[in-house]
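Grab a pencil and work through these exercises one by one. Each has a task, followed by a solution that goes step by step.

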Amino acid sequence: MPFNKTEPGIYYTVTGILDSKELKKLATNYDSSVGEFLISLYIFSIYKYIVENNLPKKPIYTNSPVNLRSVFGSKTMKNFFVSVTPHIDFEKDLYSLEEIVEIVKKYMRKAKQKEYLTRYINRSVRNTKNWLKFFPLIIKDSAMSAVYNIWGESNYTSGFSNMGVIKLGPLEKYIEKMEAYPPPSEGNIIKVASLTYKDKMYITFGKLTEEKDLERIFFSELRKMGIIAKIETNYRS
């Protein structure tokens, strides 16, 4: 994204808090899941920003993790996910939100199929058995981290992680709310994370920039559709 970065150590968050039932009803109107709808709306927001500011019309790719536990029946507490990349190309000048939802929905439903994910995992396992296995772990950790920061995230415009519905059973009476903050990233200076807790959905923009354009477009589009978000942020007034 063409935004100026903050000084090292400064990380901004903007969280929109909204009614989860209203959002689910809205997503249903588009014949999509909540996750599919939110990713589509975020891509649409980036698309609008590009068009409104006459920026180069490059493809818009989002890095979105898929939880593999439900697909493969695993109960592991370790990270068990793969990242998929819902995206649009500028094959035409004007896209509606409805069109982007259809593109994202078709891609996500194919990407979540067990056959597709199995091929992805097999490819990843093969990569661990090549000549890199002969390097000491300390070298691989530092080198691969640097490589990913430079080249890996250059394949994405941004990231969107939807953690779904969080349930804490009897602990919920003690916990008012929960939020997820996407990790700061040199490659993607703006990322989004969302979750649903109790009757609220929390959508957080995590940013290494002071620019507010994307979240302004995102929450404005929701308002146009009848969903008003309460905004909380660590911006200094």
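**Exercise 1.** Work out how helix H2 (residues 34-52) and helix H7 (residues 213-224) are placed, starting from their axes.

*Solution.* Step one: the two axes come within 9 Å and cross at roughly 120°. Axes here are lines fitted to C-alpha atoms, for helices over the stretch in contact, and angles run from 0 to 180 degrees between N-to-C directions. Helices (H or I, at least four residues) and strands (E, at least two) are DSSP runs, numbered from the N terminus.

Step two: that angle makes H2 oblique to H7. Angles under 35 degrees count as roughly parallel, over 145 as roughly antiparallel, 65 to 115 as roughly perpendicular and the rest as oblique.

Step three: look at who touches whom, with contact meaning heavy atoms within 4.5 Å. H2 brings residues including Phe37, Leu38, Leu41 and Phe44, while H7 brings, among them, Leu214, Ile217 and Phe218.

Step four: sort the contact of H2 with H7 by class, and you get 11 nonpolar, one polar and five charged residues. For the sorting, Ala, Val, Leu, Ile, Met, Phe, Trp, Tyr, Cys and Pro count as nonpolar, Asp, Glu, Lys and Arg as charged, and the others, Gly among them, as polar.

Before going on, a word on the source: this is a predicted model, where local features need pLDDT of at least 70, side-chain atom pairs count only at pLDDT 80 or more, and totals for chains, interfaces and linings use all residues. Residues are numbered from 1 along each chain as its sequence is written, and side-chain values use heavy atoms, with hydrogens and water left out.

**Exercise 2.** Now do the crossing of H1 and H2.

*Solution.* Their axes come within 9 Å and cross at roughly 80°. That makes H1 roughly perpendicular to H2. On the H1 side you'll find Leu23, Lys24, Leu26 and Ala27, which meet Val34, Phe37 and Leu38 in H2. By class, this contact has six nonpolar, no polar and one charged residues.

**Exercise 3.** Describe the aromatic pair of tyrosine 30 and phenylalanine 37, then that of phenylalanine 44 and tyrosine 47.

*Solution.* Start with the rule: rings of Phe, Tyr and Trp (its six-membered ring) pair if their centres lie within 6.5 Å; planes under 30 degrees apart count as stacked, over 60 as edge-to-face and the rest as tilted. The structure holds 11 such pairs.

Tyrosine 30 and phenylalanine 37 sit 5.2 Å centre to centre with 45° between the planes, so they are tilted. Tyrosine 30 is buried at 17% relative accessible area, and phenylalanine 37 is buried too, at 0%. (Buried means under 20% relative accessible area, exposed over 50%, partly exposed in between, with a 1.4 Å probe and protein chains only.)

Phenylalanine 44 and tyrosine 47 are also tilted, at 6.1 Å centre to centre and 35° between the planes. Both lie in helix H2, three residues apart, about one turn of the helix. Phenylalanine 44 is buried at 9%, and tyrosine 47 is buried at 4%.

**Exercise 4.** Is aspartate 31 buried or exposed, and what is it in contact with beyond its neighbours within four places in sequence?

*Solution.* First find aspartate 31: its place is the loop between helix H1 (20-29) and H2. With a relative accessible area of 52%, aspartate 31 is exposed. Leaving those sequence neighbours aside, aspartate 31 is in contact with Lys105 and Arg109.
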